[in-house]
Amino acid sequence: MFALASSASAASYIELGDAGDLPISAQVTAGAGSLDLIKGSIGVSGDADMYRIFITGGGTFSATTVGTAGSIDDTQLFLFTSAGLGVYANDDANSVDIRSLLPAGNGLTPLASGVYYLAISAFDKDPVSAGGLIFPSIPFNGLFGPTEVGGGSGIIGYVPSFTDTGSYTIKLTGALVSASVPEPSALLLLGSGLVGLGFWRMRKGQV
């Protein structure tokens, strides 16, 4: 179903107002089909933006600011699970390009489909949990899993930092807009309802 939706249409999502920087305040991406682009801006120094997306799984997800429109040159990208746990992060795509890349087909790329949260900031605003930093911050061109001291807990904020302001564009693969995708709890309720309906109809047929 998700594959059919993805091939049918594509969406570019534009930030509405100011996206929040935590899962509870993240902006829910809307539109139809695959999510190809997210466009927004960091209007206040030290801000970060987070978006709720749906990843189709299978290691096909990627997100990058490399080669995209935007006035923030030194970006950072962070991916989190629906529970706010770190998945992977990148500051600089390589030793030459200081824009960011979360690649597809890497050992850290999500294999499971579901709701995730994608965050962007300018260098050097890093996410933290109650235990401390979630991702390592050096070397700058490293691709990191949640291996810092706070990597085992969910994000609660960021290390304060005065950062660049301006616009950004994030290019994505393997993602859908999340507004039309039910929360996991809703899917569970829907499944339970269908099972209950089938049981009721079976009992009715026996009467």
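Here is a short walk through the structure above, from the whole chain down to a few residues. Keep in mind that you're looking at a predicted model.

Let's start with the overall makeup. The protein contains 15 strands and 2 helices. It has 207 residues, and 44% of them count as buried.

Now pick out strand β3, residues 34–42, because it takes part in two pairings described here. One partner is β1, made of residues 10–14: these two strands run parallel and are joined by 5 bridges. To find your way along this pairing, look for Tyr 13, which stands opposite Ile 38 in β3. The other partner is β14, residues 166–173, and here the pairing is antiparallel, with 6 bridges. A handy landmark is Ser 41, which you'll see standing opposite Ser 167 in β14.

One spot to look for is a nonpolar surface patch of about 280 Å², made by Phe 123, Ile 138 and Phe 140.

Let's zoom in on one member of that patch. Phe 140 sits in the loop that links β11 (132–133) and β12 (143–144).

Conventions:
Residues numbered from 1 in each chain as written. Predicted model: local features only at pLDDT ≥ 70, side-chain atom pairs only at ≥ 80, totals over all residues. Heavy atoms only, no water. Helix = DSSP H or I, 4+ residues; strand = E, 2+ residues; numbered from the N terminus. Buried < 20%, exposed > 50% of the residue type's maximum accessible area, 1.4 Å probe, protein only. Patch = residues over 30% accessible without salt bridge, like charges linked within 9 Å, V, L, I, M, F, W, Y side chains within 5 Å. Areas by Shrake-Rupley, 256 points an atom, 1.4 Å probe, with all protein chains shown as cover. Salt bridge = Lys/Arg side-chain N within 4 Å of Asp/Glu carboxyl O.
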